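Subject: Handover of a structure

Dear colleague,

Please find below the structure that I am handing over to you.

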Amino acid sequence: MTDRYCVFGHPVSHSKSPVIHAAFAEQTGEALEYTAIEAPRDGFAGAWRAFVESGGRGANVTVPFKEDAYRLCDTLTPRAERAGAVNTLILEADGRTRGDTTDGAGLVGDLERCGVTLAGARLLVLGAGGAVRGVLEPLLAAGPASLHIANRTAAKASALAADFRDLGEVSGGGFDAVEGPFDVVINGTSASLGGELPPLPDDLFAPGATAYDMMYGAEPTVFLRWASERGAETLDGLGMLVGQAAESFMLWRGVRPDVTAVLESLRRTL
Ligand code: NDP
C-alpha cells in the first residue's frame, strides 16, 4: 500500500501543501500520496486516528488544529514543546504519535537561502500569536545580537519575550515602544490579511535591512510595500511555506527535497 500523508485544516481546500508535497515526491522519487482533509472543528483527534487506521503515516496540521495536535501527541520534539504547537505529526514504528513544528526552520532556512544574515543582527518581530511563538527558538538559535517582539497587545509581547529570554537577548512591548533601526524586521501579525499596517516609525530600517512578511500572495503586502519605500529589501512568506513543508518531508521520508525548484514553480501559480 502506498504511504499516505495529508494536511488537516478547517477549512483546508485553499492549502498548497498537496501540490508542494506532490512536487517533492516526484523530485525525490518517493512513492507517497498526500491529500487535504477537512477535520471537524471539535474532532481533530478522531480524524487523525481514522487516518492512521486507513494507512496514514504522517500529517501536516494547519489552522485551527495546531494546539489540538500538540495535545494529542505521545512525544514531542523540544522545539514543539517550546512552541506549544505542532504542525507535523509522525507515526512512529511502535504506533505512537510524535509531534514537531517545522515553521521556524522553514523561516530561518528561507532567510538563509535569500542571503539574509541573522548572526549578529538586530531583529524585530511583529506579532505575538502562534506563528511568532513557533519561530522564536530557531531565530534565536541563529545568533542575532538582539530580538525585540512588538505586538498590538503589548502584554502578550512582554510575556512571550519572558518565555524565551533564556535563549538570548529578547525584549517585548507595544508598537509605540519600537526603537530602531533594525537589520531584519519580520511581520508575523495577521494585519496584512486585512490590508492593514501596524503603526511603525519611519526610521525602522538600518541601511541594507530586510523586511519579511510571513504572508504571501500575488501582490506584495502593504507591509512589504511600506518597507520597500523605506529602502528595505523585501521577502514574502512563500519560501517559509515551502521550507516548512520540506522539513516535514525530511522528517517523514529521510530525504531532503530541493526547495528552490518547487518555490519557483509555485510562485508562477499565485
Ligand atoms: P494569530 O491569530 O495567532 O496571531 C495574530 C497576530 O497578529 C497577533 O499578534 C495579533 O495581535 C496580530 N494582529 C492581528 N490583526 C492585527 C492588526 N490589524 N494590526 C496589528 N496586529 C494585528 O495568527 P498566527 O500567529 O497563526 O498567524 C499570523 C500570520 O502568519 C498570518 O498572516 C498567517 O497567514 C502567517 N503564517 C504564515 C506561515 C507561512 O508558512 N508563510 C505559517 C504560519 C503563519 P493581538 O495579539 O494584539 O491580537
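This is a predicted model: local features need pLDDT of at least 70, side-chain atom pairs count only at pLDDT 80 or more; totals for chains, interfaces and linings use all residues.

Helix α6 is mostly covered, as 10 of its 12 residues are buried; a residue counts as buried if 20 or more other C-beta atoms, placed from the backbone, lie within 10 Å of its own, as exposed if 12 or fewer do, and as partly exposed in between. Among the buried residues of α6 are Ala131, Val132, Glu137 and Leu140. Helices (H or I, at least four residues) and strands (E, at least two) are DSSP runs, numbered from the N terminus.

Residues are numbered from 1 along each chain as its sequence is written.

The buried residues of α6 pack against α4 (78–83), α5 (103–113), β7, β8 and α7, where a contact requires the C-beta atoms of two residues, placed from the backbone, to lie within 7 Å. After α6 comes Gly143, which has a positive phi, near 80°.

The ligand is surrounded by 26 residues, and the closest are Gly129, Ala131, Arg152, Thr189 and Gly237; a residue is near a molecule if its C-beta atom, placed from the backbone, lies within 6 Å of it. Two or more residues of this shell come from each of α6 (130–141) and α9 (238–253). By type, the shell holds 10 nonpolar, 12 polar and four charged residues. Here Ala, Val, Leu, Ile, Met, Phe, Trp, Tyr, Cys and Pro count as nonpolar, Asp, Glu, Lys and Arg as charged, and the others, Gly among them, as polar.

I turn next to strand β8. Because four of the five residues of β8 (residues 146–150) are buried, this strand is largely enclosed by the rest of the structure. Strand β7 (residues 122–126) runs parallel to β8 and is joined to it by five bridges; two strands pair if DSSP finds at least two bridges between them. Leu126 has Ala150 in β8 as its bridge partner. From β7 the chain passes through α6 to β8 in a right-handed β-α-β crossover, meaning that, with the strands pointing away from the viewer, the path from the first strand over the helix to the second runs clockwise. Strand β9 (residues 170–173) is also parallel to β8, with four bridges between them, and in β9 Gly172 stands opposite Ile149. A right-handed β-α-β unit is formed by β8, helix α7 (residues 154–164) and β9.

There is also an open sheet of six strands, with mixed pairing and the order β2-β1-β3-β5-β6-β4. Its edge strands, β2 (32–38) and β4 (75–76), each pair on one side only. Two bridges connect β4 with the parallel strand β6 (residues 97–100), and Leu76 has Gly99 as its bridge partner in β6. Helix α2 (residues 44–53) packs on this sheet, touching β1 (3–9), β2, β3 (56–61) and β5 (88–91).

Finally, two peptide bonds are cis. The bond from Val63 to Pro64 has omega near 5°, and Pro64 is found in the loop between β3 and α3 (66–72). The bond from Gly180 to Pro181 has omega near 0°, and Pro181 is found in the loop between β9 and β10 (182–187).

Yours sincerely

Methods: Axes are lines fitted to C-alpha atoms, for helices over the stretch in contact, and angles run from 0 to 180 degrees between N-to-C directions.
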